[in-house]
Amino acid sequence: MRSTHPKILTILDPTSLLGRGVAERIARSLPQVRRRMFHTAEEQEHLIAEVAEEAALVPPLASPDDLDGSDAVLVTAQPSAATCGLLLDWLRRHPSVALLDCTQPGIAGSEACCVADRLPAERPARPWYHLADPALAAPFRFVAALAPLEPEALHLTVVCPVAARGAEALDELAAQGATRLSGHPMHRPDRLPAVLAFDLAPAGSGRSAGLEAQLGELFPQLECRVHAIDAGVFHGYLATVLVRCGAMPSPQRLRSLVRATADIRLAQTNKVLTTTEAVERGSVIVCGDLQAKGNWVSAWLLADGLAVGNDAVMELLSSLNAC
């Protein structure tokens with residue numbers, strides 16, 4: 001029997017870049033959910049979060065026991081290693097409490113089930129869920145749209161912005177840009193993997209392998225190859241996709257499948273788009289140069305992966321609230 005008491009959702013780090021948007025949407029879209037908020041920063045002072053046009057105090061998570069009474073815990077920023085250990089120990093002692101982890105590469109490793117926009121039909125032993133990397137938000141939905149064509153293999157190249165690394169990484173990129181323009185010596189990167197201002201860098205092999213592993217969970221029958229590139233831009237993802245399908249699609253059938261996907265819009269022919277324009281469209285994914293050659297389908301995708309992820313968080317929380 002389902003419980004009739006209001007669900008209690010604990011949001012960790014609602015002042016983070018992701019946390020601010022998610023907390024605002026939860027307050028407006030899930031008013032029946034009781035919210036508690038804590039931060040995991042080293043500073044033991046209270047923070048202030050503005051949620052639904054109201055200021056709210058956010059105390060530090062002094063002890064995992066502060067989570068007692070929670071039905072679900074939403075993690076929006078990477079806690080310290082020590083805090084992660086304490087949090088996971090607490091969750092193991094409270095096996096009915098759901099975890100929705102929006103950090104990368106995730107705090108629970110393989111113990112959490114990777115999800116993109118919905119809970120799996122077969123629920124895991126522990127209700128621990130890890131939201132897929134925002135770099136995969138658009139490619140996942142594109143491959144899912146091709147399901148009637150029986151996708152067999154995916155070759156993905158994705159150019160990643162700094163936003164997914166948090167507000168401090170955005171500030172660091174801005175400082176790098178000012179330093180590079182001034183001609184002053186560059187400082188050693190702190191939050192970023194390299195000096196990225198006005199530049200590109202191939203991501204480490206571990207990053208690409210991690211994305212491949214997540215795709216493997218989301219599409220167990222799909223052979224995946226991923227190349228990730230770190231870019232000196234603030235927001236917005238650009239991905240190129242090449243999908244081998246079991247069924248040979250006609251151009252008309254292919255466009256029909258993509259058009260039928262709520263989150264994806266086909267780009268206007270011969271119109272140049274940028275990641276900035278994609279970000280301005282919110283959670284809409286723009287798909288262009290859609291082609292079918294034999295059993296292969298190719299396209300490019302522009303999206304604000306964080307905005308698409310915010311929508312996914314709301315869908316997942318709504319599902320957890322209904323359980």
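In what order do the 7 strands of the open sheet lie, and what is their pairing? In this predicted model, the order runs S10-S11-S9-S12-S15-S14-S13, and the pairing is mixed.

**The sheet**
- The edges are formed by strand S10 (200–202) and strand S13 (264–266), each of which pairs on one side only.
- From one strand to the next, the twist averages 25°.
- Strand S9 (residues 151–160) pairs with strand S11 (residues 223–231) in the parallel sense, over 8 bridges, and Val 159 has Ile 229 in S11 as its bridge partner.

**Helices on the sheet**
- Helix H3 (residues 137–145) lies across S9, strand S12 (237–245), S13, strand S14 (285–293) and strand S15 (296–303), and runs at about 145° to S15.
- Helix H5 (residues 205–218) also packs on the sheet, where it touches S9 and S11, and its direction makes about 135° with that of S11.

**The surroundings of His 130**
- His 130 belongs to strand S8 (residues 128–131), and its relative accessible area of 8% is under the 20% cut-off, so the residue counts as buried.
- The side chain of His 130 reaches the backbone oxygen of Thr 103 at 2.7 Å.
- Leaving aside residues up to four places away in sequence, His 130 touches Asp 101, Thr 103, Gln 104, Pro 105, Gly 106, Ala 112, Cys 113, Cys 114, Val 115 and Gln 214.

Conventions:
Residues numbered from 1 in each chain as written. Predicted model: local features only at pLDDT ≥ 70, side-chain atom pairs only at ≥ 80, totals over all residues. Heavy atoms only, no water. Helix = DSSP H or I, 4+ residues; strand = E, 2+ residues; numbered from the N terminus. Buried < 20%, exposed > 50% of the residue type's maximum accessible area, 1.4 Å probe, protein only. Polar contact = N/O pair within 3.5 Å; in protein donor to acceptor, adjacent residues only side chain to side chain. Contact = heavy atoms within 4.5 Å. Pairing = 2+ DSSP bridges. Axes fitted to C-alpha atoms, helices over the stretch in contact; angles between N-to-C directions.
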